Amino acid sequence: MSDDSDKIVEPEMTVEQDEEVQPAEATEGLVVAADMLPNQLPIIPLRPRPCFPALLVPLAANGAQQMAAVRQAAESPSRAIGLVMVRDIDAKDSPDNLHTVGVAAKILKILHADDESIHVMVNCLERFVIEEVIPSRRMLAARVRYQFTPELSVNPELKAYSIAIIATLKELVQINPLYSEEIKLFLNRSSMDDPGRLADFAANLTSADGLELQLILETFDVRKRIDMVLVLLKKELEVSRLQSKISKSIEEKVSAQQREFFLREQLKAIKKELGLEKEGKDTELEKYEKRLKKLKLNAEAQKAVDDEMEKLSLIEPHSPEYTVSRNYLDWLTSVPWGVYSRDSYNLPRARRILDRDHYGLKDVKERILEFIAVGKMKGDISGSILCLVGPPGVGKTSVGHSIANALGRRFFRFSLGGMRDEAEIKGHRRTYIGAMPGKFIQALKTAGTANPVLMLDEIDKIGASFQGDPASALLEVLDPEQNFSFRDHYLDVPFDLSNVMFIATANQLDTIPRPLLDRMEIIRLSGYILEEKLEIARRYLIPKALKNHGLKARQVSIHKAALVKIIDGYAREAGVRNLENQIKKIMRRAAMAFAEENRTERIVIGPKEVESFLEKPVFTAEEIFEGTPGVVTGLAWTSLGGATLQIEATAMPSKTKGFKQTGQLGSVMVESSEIAYSYVMAHLKEYGAPADFFDNHFVHLHVPAGATPKDGPSAGVTMTTALLSMILGKPVVKRLGMTGELTLTGHVLPIGGAKEKTIAARRAGLKTLIFPEENRKDFEELPDYLREGLTVHFAANYPDVYRVAFDSKPSRRRK
C-alpha cells in the first residue's frame with residue numbers, strides 16, 4: 001500500500017479516502033468489510049456513550065468541525081466516518097480528548113442539514129484503533145487500524161453464553177416491552193448465532209454509563225466481551241425490576257385514590273338526593289350560627305360576623321379566600337363573647353384554699369383575702385392587676401392557681417419571657433399568611449370564659465426587637481381605662497378585657513418598664529426561712545415526690561434532722577425548687593433500690609445517710625470572721641433572696657496615701673466605698689484614730705468572693721465600719737450584721753429588701769442587726785417568727801452604728 005494515499009491534501013484540508021484498504025491476511029478468515037473501509041477517517045466525537053458495530057444510529061453533527069467531517073465523509077466514495085467517544089464530556093473537541101478505540105460507520109442518509117447542524121443516519125460497521133491523529137484545522141481526522149470481527153465457529157461455551165444473553169433479554173422484554181422493538185430491528189439485520197454481534201447489541205441496549213460501554217467496545221476478545229456484557233445485563237434486569245415495582249406501587253396508590261374519590265363523590269351525590277347531608281359550606285355556616293346563639297357579641301363584632309358569613313356563602317370552597325374567611329369566622333365565634341363564670345367571694349373558703357396550698361406567706365395571703373373582700377363589697381373585681389415579685393421557687397405561679405381556685409375562675413398561664421414580637425400580644429393582621437390572634441385572645445378561647453385569671457409569667461424578662469416592643473403593647477392590655485375595648489389585630493373588633501384578672505410574676509422590678517409597673521399592684525414574696533422550708537417539705541414536697549415516683553409513705557422516711565441538713569447544705573436559696581429537686585433525687589435512688597435489689601424493708605434517711613444519697617454538701621456553714629479587726633458582716637439583697645457579705649479592710653505603710661477596692665464591685669458600691677473612705681478620713685479624731693493615718697498608709701478594701709459581681713446602694717455603713725475597725729485595731733461585737741447607705745455627712749439612708757436580709761441574717765446565725773432608722777416600720781411589719789431572737793438597732797447617723805458595733809461611744813465630737 002502506497003504512502004501517498006495517507007497524506008492530507010492542503011489547502012483543501014480533505015482526508016484522502018480514494019485508495020481502499022487491502023484485505024487483511026487470512027489468519028482467521030476473510031472479512032468482506034475490508035473491501036470498503038479506508039484507513040483514514042474523519043472523526044466525530046461522541047457524547048455521552050459510544051456506538052457499537054452492526055447498529056443503525058441517528059447522528060447529529062454540531063459545530064464547524066463536526067459538520068465539515070460529515071460533509072467530507074458524505075462526498076467520499078466509501079461514505080465512511082469514524083465515531084469515537086470523548087474522555088471528558090465537558091471538554092472541547094480535541095485529539096487529546098478522544099479514546100483510542102472507536103467504530104467506523106457508513107452514512108446512509110442525510111436527514112436534515114442547515115447552517116448550525118447536520119442530522120444523518122449511519123450504519124456502524126467495525127471497530128478500529130486510532131494509530132495517528134492527522135493534524136487539521138477544519139476537522140478531526142485519524143489514521144486507523146481496524147479490528148475486524150472474525151467468523152467464529154460456535155462452540156458449546158459460546159453457545160451457552162449466547163443463550164444466557166438471549167434469556168436475560170427475554171426477561172427484560174417481559175418487564176419493559178420497549179426493548180422488543182429494538183430486538184426486532186436487530187434480528188432484521190443480524191443473527192442471534194453471532195456471539196460478538198449479540199454481545200455488542202446487548203451492551204448497547206443497557207443504560208450503563210459511557211465508560212463501562214467504552215470498556216466493552218475496547219474488549220476485542222469475544223469470550224471476555226460476552227462475560228462483561230452478561231454482568232451489565234444482570235444489573236439492567238435488577239434496575240428494571242425495581243423500576244417496575246416502583247411504577248406498580250405508584251399506579252396502585254393513584255388507582256386507590258381515584259377509586260376513593262369517585263366513591264366519595266357518588267356517596268355525596270346519593271346523600272344529597274336523599275336529603276341526608278348538605279354541602280360542606282352549608283355545614284360550616286350552620287356550625288357558626290349554632291355557636292353564635294350561645295354568645296353575646298357587641299354591635300361591631302356582630303356586624304363583622306354577619307358580613308363575613310354573607311361573604312363566605314358567596315365564595316367557592318376551592319377559592320383561597322374561602323380558607324381565610326372560614327378561619328376568621330372560626331376565631332370570631334370561638335372567643336367567649338359575654339360568657340362569664342360566677343365569682344365566689346366566700347372568704348373562709350378562700351382562706352382554706354390558700355392555707356391548703358401554701359405554708360407561710362401570711363402577709364401575701366392576707367393581701368389576697370383583702371383583695372377578695374373588696375370584690376365582695378364592690379360586687380366585682382374588674383380592673384385588678386397584681387404583680388407577684390420574688391425569687392425563683394417561692395410559689396408565685398402556685399399562688400396564682402390558688403387565687404383562681406378561691407374565686408372559682410378558670411386559670412390560664414403563658415410566659416412572656418424572651419417575647420420579642422408585639423404580634424404575640426396583639427396578633428397578626430389577616431393579610432399575612434398563617435396569621436393568628438395574639439396570646440390574650442388565644443388564652444380566652446382556651447379558658448372558655450371572658451373573665452378568667454390570666455397569669456403573665458416572667459414579665460420582667462420580656463424583650464424588644466426590630467419587630468416591635470411587646471412591653472408597650474402590654475400597656476393597653478393592663479390599663480383598666482383602655483382594655484374594655486381591646487382590639488386584636490387579627491379579629492379587628494373590640495373585646496372587653498376589663499373583667500379579666502391579670503396576675504404577673506417577676507423576679508425583680510428593675511427590668512420592668514416604669515409605665516407598665518405603674519399599672520400593677522406589687523405583692524412581694526420574699527422567700528422562706530429554714531423552719532418554713534421544713535414544713536413545706538414535710539407537708540407538700542415529700543408526699544408529692546412519693547406519689548410521682550410510685551412509692552408509699554411506709555417505704556421511705558426522711559427524718560426532720562435529715563431535712564434540716566438537706567436545706568442547710570444543699571438548698572439555701574430563697575425558694576424551695578432546689579429543695580424539691582434534692583428530695584426527688586433521694587426518691588429516685590430509693591426507687592432504684594426497691595426495683596433492682598427487690599428490697600422490702602423501709603428506707604430510713606437520717607442525717608448520716610444524706611450524703612450517701614446526695615453526695616457532698618454544696619454549701620458549708622457561712623463562716624463569720626469574728627474577733628478580726630477590719631472584718632465586718634454586711635447584709636445584701638439579690639434576685640435569689642438575701643445574703644451575707646464579709647467586707648475586709650487592711651492598710652499597708654506607704655509614703656503616699658492611696659485607696660483600692662477589689663471584689664468585682666459595681667459602680668454604686670465603688671461610690672459607697674469612696675464615701676466611706678472620705679467620711680472616715682474626715683472623722684478620724686472623732687473616733688479616736690490618728691489624724692495622719694491615711695497620709696502614711698495605702699488602704700485596700702475587699703468584698704469576697706472575688707468571682708461574683710456585686711452592686712447595690714446598701715453597703716456604705718458596713719464599709720465605713722470595716723475601715724474604722726482596721727484603723728482602731730478593734731473588732732466589732734460578735735454575731736453582728738448591718739446594712740445601710742451612708743452620706744458624706746454621716747446620715748444613714750434607708751434600704752430595700754428588709755425581709756430578705758433578715759432571713760439571710762437568721763440563716764447565718766447573726767443575733768444583732770443594724771438597720772437604718774427609716775426601715776423601722778419595715779422591720780416591725782415582719783412576722784413575729786422572723787423577728788424572734790434578734791436584737792435590732794436602728795441608726796439615723798453613723799455614730800449610732802459605731803455605738804452598737806464597738807459597744808462604745810465616739811471619744812469626742814468634732815467641733
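1. Leu386 stands opposite Glu521 in strand 15, and strand 9 (residues 385-389) runs parallel to strand 15, joined to it by four bridges; strands are DSSP runs of E with at least two residues, numbered from the N terminus, and two of them pair if DSSP finds at least two bridges between them. The model is a predicted one, in which local features need pLDDT of at least 70 and side-chain atom pairs count only at pLDDT 80 or more, while totals for chains, interfaces and linings use all residues. Residues are numbered from 1 along each chain as its sequence is written, and side-chain values use heavy atoms, with hydrogens and water left out.

2. The open sheet is formed by five strands in the order 10-11-14-9-15, with parallel pairing. Its edge strands, strand 10 (411-415) and strand 15 (521-524), each pair on one side only.

3. Gln646, which is found in strand 19 (residues 641-653), has a relative accessible area of 10% and is therefore buried, the class being defined as under 20%, with exposed over 50% and partly exposed in between (1.4 Å probe, protein chains only). The side chains of Gln646 and Thr633 are joined by a polar contact of 2.9 Å, that is, a pair of N or O atoms within 3.5 Å, of which, within protein, one must be able to donate a hydrogen and the other to accept it, and residues adjacent in sequence count only if both atoms are side-chain atoms.

4. Ile246 lies in helix 6 (residues 222-274), helices being DSSP runs of H or I with at least four residues. Because its relative accessibility is 45%, Ile246 counts as partly exposed.
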